[in-house]
Amino acid sequence: AILAATDRLFSSMGNAQEIVKQAKLLAESTSALVNAIKLESENKKDPDARRQLLDAARALAEATSKMVEAAKGVACNPGDKQAQEAVCKAAEYLRAVTNAAASNALKKKAMRELEIAAKQTVDVSTQLIVAAQGAGASNHNEASQSQLISHCKVVAEQISQLIQSVRASVANPDSPSAQLGLINISMNIIPP
């Protein structure tokens, strides 16, 4: 909603009434985002994560306030091109602040999805290892069975590392080193 409102605001240059309308819609959308960020910060136990969220909400609120002030200038002086440009500049800044705040949420979502995929990988790999070990009774080719068990040991080691990385990432969701560890281990499991 915020990106669409800023796009519409940019495209309505020259139409003061439409600029004010889009600025109002943009302010409403960013206000809702500020409230959502504040609400999320209340659920954080980590003081640093809480502070980061509140800083993002504060920056977003300040950028919104500047854009609203610029829109008031357009409402008072509809024909003033400089006032219209000031609204566009304020909206561009607001968009950048919004992107910065949203990128954090997107990273967290991506990490949650990676954690889920890693857990599924552990489950499926464990089942394959059990099946490979169970195949030994009916596999009469000793070289083949030996190679299968050897590969299972490699996979088991990687799974162990993956489990540790998932646990670290879940326990420390705001830790860049825990996130990077999970990413690296996940990439090692997937062959090129």
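Colleague: Quick one to start: which helix is Asp123 found in?
Modeller: Asp123 is found in helix α4, and please keep in mind throughout that we are looking at a predicted model.

Colleague: How far is Asp123 from Ala143 in space?
Modeller: Going from C-alpha to C-alpha, Asp123 and Ala143 lie 27 Å apart, with a separation of 20 residues in sequence.

Colleague: Staying with α4, how does α3 pack against it, in angle and axis distance?
Modeller: Helix α3, which covers residues 47–76, packs against α4 at an angle of about 165°, and the two axes are 8 Å apart. That angle is over 145 degrees, and α3 is therefore roughly antiparallel to α4.

Colleague: Which hand does the crossing of α3 and α4 have, left or right?
Modeller: The crossing of α3 and α4 is left-handed.

Colleague: Which residues make that contact?
Modeller: From α3 the contributors include Gln52, Ala56, Leu60, Met67 and Val74, while α4 brings in residues among them Gln84, Val87, Tyr93, Leu94 and Asn104. Sorted by class, the contact of α3 with α4 holds 17 nonpolar, six polar and one charged residues.

Colleague: Now α1 and α4: at what angle do their axes cross?
Modeller: The axes of α1, residues 2–11, and α4, residues 81–134, cross at roughly 160° and come within 10 Å of each other. These two helices are therefore also described as roughly antiparallel to each other, and their crossing is left-handed.

Colleague: Which residues meet there?
Modeller: On the α1 side you have Ile2, Leu3, Thr6, Asp7, Leu9 and Phe10, and they meet Val87, Cys88, Ala91, Glu92, Arg95, Thr98 and Asn99 of α4. The residues of this contact of α1 with α4 divide into seven nonpolar, three polar and three charged.

Colleague: Is Cys88 buried or exposed?
Modeller: Cys88 is buried, because its relative accessible area is 9%. Cys152 is likewise buried, with a relative accessible area of 9%.

Colleague: Switching to Gln84, where is it placed, and what is its relative accessible area?
Modeller: Gln84 sits in helix α4, and with a relative accessible area of 1% it is buried.

Colleague: What is Gln84 in contact with, leaving aside its neighbours within four places in sequence?
Modeller: With those neighbours left aside, Gln84 is in contact with Met13, Gly14, Asn15, Ala16, Ile19, Val74 and Pro78. Val74 and Gln84 also both take part in the contact between α3 and α4.

Colleague: How far is Gln84 from Ser12, then?
Modeller: Their C-alpha atoms are separated by 9.6 Å, although Gln84 and Ser12 are 72 residues apart along the chain.

Colleague: Where does Ser12 itself sit, and what does it contact?
Modeller: Ser12 is placed in the loop between α1 and α2, and its relative accessibility of 6% means that it counts as buried. Apart from neighbours within four places in sequence, Ser12 is in contact with Glu18, Ile19 and Gln22.

Key: Residues numbered from 1 in each chain as written. Predicted model: local features only at pLDDT ≥ 70, side-chain atom pairs only at ≥ 80, totals over all residues. Heavy atoms only, no water. Axes fitted to C-alpha atoms, helices over the stretch in contact; angles between N-to-C directions. Helix = DSSP H or I, 4+ residues; strand = E, 2+ residues; numbered from the N terminus. Parallel < 35°, antiparallel > 145°, perpendicular 65-115°, else oblique. Left-handed = near helix turned anticlockwise from the far one by under 90°. Contact = heavy atoms within 4.5 Å. Nonpolar A, V, L, I, M, F, W, Y, C, P; charged D, E, K, R; others polar. Buried < 20%, exposed > 50% of the residue type's maximum accessible area, 1.4 Å probe, protein only.
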